[in-house]
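Subject: Structure for your review

Dear colleague,

My notes on what was found in it follow directly after.

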Amino acid sequence: MTQEIEVGIGKTARLCYSLDDISVVPSRRTRDPEDVDTSWQIDAYSFDIPVIGAPMDSIMSPGTVIEIGKLGGLGVLDLEGLWTRYDDPAPLLDRIPDIPQDEITPYLQKIYSEPVKAELITRRLHDIRDAGVTVAGSLTPQRILEFYSTVLDAGVDLFVIRGSAVSAEHVSASHKPLNLKQFIYELDVPVIVGGAGSYHAAIHLMRTGAAGVLVGLGGTAVSSSRSVTGMHVPMATVIADAAAARKDYMEESDGRYVHVIADGGLGNSGNFVKTFALGADAVMMGDPLARAAAAPAHGSHWGHEATHSQLPRGRRTQFRPSCTLEEILYGPSSTADGTMNYIGALKRAMASSGYVGLRDFQKCSIIAAPYETN
């Protein structure tokens, strides 16, 4: 039952929950963590772990995309990022950690003013394919028509359409908008699209034919959308809403399963675990990977919104690179703060709840304690 609260006379709001408000409940039957299976499959592509490296220049270079792939996950390259604007963006990335906070936004706006080059899109995707891992690239809805044919010709396996808030019914008085349903229907590769911030947005994106829907507004750790535009979604509620949309769409479409992919709000492994308990099939991981020594920006982290030429809605966060990508995903952990061994934490929680598969873990018991303090 949806719970409404009165904000003021004549205005009500829905009571929602963040991931910090939710806890997984252990069951009476437990399992051995070694028996737990965290594998995930979308369309014809199988992965050992349900982790997608977010298409952000601070964490995903061609090299780290390949490394994530070899570790059993899926890395996604931002095809509008620095790696498709410059032959060698490394010197630009090397400077970012040393730039003062009050100067970083103009710097990002300047380096991202360089045009995206089709030949660099092709080169980067070929480099990833030559390494023998699944090839995935991301474009925003505004750039799809300009570059999608280049992406397909380069041999992408999975196509990601990612934005702060993507809808299936964009309306514009100044230009002809992208027909998302027709576009996806005509493609020969599976598409992951989002973000969706509600049940209705999620089910409409599922009806476009997408293989997966990104849930959330993405990059919450480095986004200032809430303070700039007033937009924000509580991740626990929106994941559960999208899982309900998936169930309803399965009945509507005679069994077609669309994957729900949580995008944002994963500051620690506990929140990572909770996304699956709420109904997610996989997670698009951003800021946890910025802590890796291999991260191309050396611990600096920012989202696509931070580079907008007129209305930046993001900020740089600085981490101290202290571990490998493998340690972040698989451990061993040398801290007790939930920033390492994400897969180990997931296996332990699944085992303690009596589940050995991710789909079954979506049925586990949870409690909501919105006023609890740690």
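A residue is called exposed when its relative accessible area is over 50%, buried when that area is under 20%, and partly exposed in between. Please keep in mind that this is a predicted model.

The cut-off settles the first case. D254 has a relative accessible area of 77%, so D254 counts as exposed. This residue is found in the loop between α9 and β13, and its phi is near 60°, a positive value in a residue other than glycine. Most residues other than glycine have a negative phi, and most peptide bonds are trans. N341 also has a positive phi without being glycine, with a value near 55°. N341 belongs to the loop between α11 and α12; with a relative accessible area of 21%, N341 is partly exposed.

Two cis peptide bonds should be noted as well. One joins G194 and G195, with omega at about 20°, and G195 is found in strand β11. Another joins G331 and P332, where omega is about 0°. P332 lies in the loop between α11 and α12 (342–352).

I turn now to helix α5. Which residues of this helix are buried? In α5, which spans residues 144–153, they are I144, F147, T150 and V151. These residues cover an arc of only 145° around the axis, and therefore they lie on the same side of α5. On the face turned away from the buried side, α5 carries the exposed residues L145 and D153. The cover over the buried residues of α5 includes α4 (118–130), β9 (136–139), β10 (158–162) and α6 (180–186). Just after α5 comes G155, with a positive phi of about 90°.

On the α4 side, the contact is made by A118, I121, T122 and L125, and on the α5 side by F147, T150 and V151. Sorted by class, this contact has five nonpolar, two polar and no charged residues.

G72 follows α1 and has a positive phi, near 105°.

The strands remain to be described. An open sheet of nine strands, with parallel pairing, has the order β7-β6-β14-β13-β12-β11-β10-β9-β8. At its edges stand β7 (74–75) and β8 (77–78); each has a single partner strand, so one side of each is left without a neighbour in the sheet. Within the sheet, β9 and β10 run parallel and are joined by four bridges, and G137 stands opposite F159 in β10. Helix α9 (residues 235–252) packs on the sheet, where it touches β11 (191–196), β12 (212–215) and β13 (259–263). The direction of α9 makes about 170° with that of β13.

Yours sincerely,
A colleague

How values were computed: Residues are numbered from 1 along each chain as its sequence is written. This is a predicted model: local features need pLDDT of at least 70, side-chain atom pairs count only at pLDDT 80 or more; totals for chains, interfaces and linings use all residues. Side-chain values use heavy atoms; hydrogens and water are left out. Buried means under 20% relative accessible area, exposed over 50%, partly exposed in between (1.4 Å probe, protein chains only). Helices (H or I, at least four residues) and strands (E, at least two) are DSSP runs, numbered from the N terminus. The arc is that of the directions from the helix axis to the C-beta atoms. Contact means heavy atoms within 4.5 Å. Ala, Val, Leu, Ile, Met, Phe, Trp, Tyr, Cys and Pro count as nonpolar, Asp, Glu, Lys and Arg as charged, and the others, Gly among them, as polar. Two strands pair if DSSP finds at least two bridges between them. Axes are lines fitted to C-alpha atoms, for helices over the stretch in contact, and angles run from 0 to 180 degrees between N-to-C directions.
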